[in-house]
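Try each task before reading its solution.

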Amino acid sequence: EISSCDWSSDVCSSDLLRVDFSTIADLSPLKNLTNLTRLEVANQRVSARTTSATFPSPLKDPNGAVVAITDGASLVNDGDNPGAIKVVNPVYDGTERTLRENWNANVTIGHVTAPFSGELTVRAAIPKADLNALKAAVAVADGKPDYIKNDAAVRAALEAARVVIAKPAPTPAEIASAETVLRQAVAAAEQKESNAKAAAETAVAAAENRSEEHTSELQSHELI
């Protein structure tokens, strides 16, 4: 990080700034060096750590705006979260992995425009995703009557949920999807059972009404 300049040095003078092959991620402290005529800020080596699949980019131009990385196989710019970087295919097991991608942008300070480039090294250790909600949904489903558990959709959803739980490093998306599908399957089976019960009760009531009407007719004939 740059916080100040030693103007007596040959690295930082009133018209020359040479800080290439360094570890600079944020150029915003240099914004007011309006007398520069030469600027060298290429070939930086920047390091960062994250415990999340998406994290704020440390790379900033002289105005404080985020500098995009080059989308690659391990890291990409997060289109859903401007200013953030996203880990490609994150592994949720808590193990630290080293990921690297490059960046290359032109920046302007004072009267000069120059390349601001380098390699970003990210040490990502993403913890295991929370399985508690999915396990709770499985427990609820297991506690339902057999006619609910034996429903084809419920059986399939329970099996899929147990497969996700057994994975060494399931993703949050897999866990959330399995939970949603299971809860929806149980709710649908219960609704189906409720509808069947209501239909049966309606049929019984209709049959009883017909029987009462028939009995009334017979009694009327007997009186005649």
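**Exercise 1. A residue and its partner across the sheet**

Which residue in strand 5 does proline 56 stand opposite?

Solution. A word on the ground rules comes before the steps. This is a predicted model, so local features need pLDDT of at least 70 and side-chain atom pairs count only at pLDDT 80 or more, while totals for chains, interfaces and linings use all residues. Residues are numbered from 1 along each chain as its sequence is written, and side-chain values use heavy atoms, with hydrogens and water left out.

- Step 1: Opposite proline 56 you will find alanine 84 of strand 5. Strands here are DSSP runs of E with at least two residues, helices are runs of H or I with at least four residues, and both are numbered from the N terminus.
- Step 2: Strand 3 and strand 5 are antiparallel partners, joined over three bridges; two strands pair if DSSP finds at least two bridges between them.
- Step 3: Now widen the view to the open sheet of three strands, which has the order 3-5-4 and antiparallel pairing. Strand 3 (54-56) and strand 4 are its edge strands, each pairing on one side only.

**Exercise 2. Salt bridges**

How many salt bridges does a search of the whole structure find? Look at some of them.

Solution. 

- Step 1: The search finds 10.
- Step 2: One of them joins aspartate 93 and arginine 97, with the closest N and O atoms 2.9 Å apart. Aspartate 93 is partly exposed at 24% relative accessible area, and arginine 97 is partly exposed at 31%.
- Step 3: Glutamate 174 and lysine 167 form another, at 2.6 Å between the closest N and O atoms. Glutamate 174 is partly exposed at 26%, as is lysine 167 at 34%.
- Step 4: Aspartate 142 and arginine 162 form a salt bridge as well, their closest N and O atoms 2.7 Å apart. Aspartate 142 belongs to helix 1 (residues 132-142) and arginine 162 to helix 3 (residues 152-166), so this pair ties together parts that are 20 residues apart in sequence.

**Exercise 3. Two helices in contact**

At what angle do helix 1 and helix 3 pack?

Solution. 

- Step 1: The angle is about 145°, and the axes are 10 Å apart. Axes are lines fitted to C-alpha atoms, for helices over the stretch in contact, and angles run from 0 to 180 degrees between N-to-C directions.
- Step 2: Among the residues making the contact are Leu134, Val138 and Asp142 of helix 1, and Leu158, Arg162 and Ile165 of helix 3.

Note on methods: A salt bridge is a side-chain nitrogen of Lys or Arg within 4 Å of a carboxyl oxygen of Asp or Glu. Buried means under 20% relative accessible area, exposed over 50%, partly exposed in between (1.4 Å probe, protein chains only). Contact means heavy atoms within 4.5 Å.
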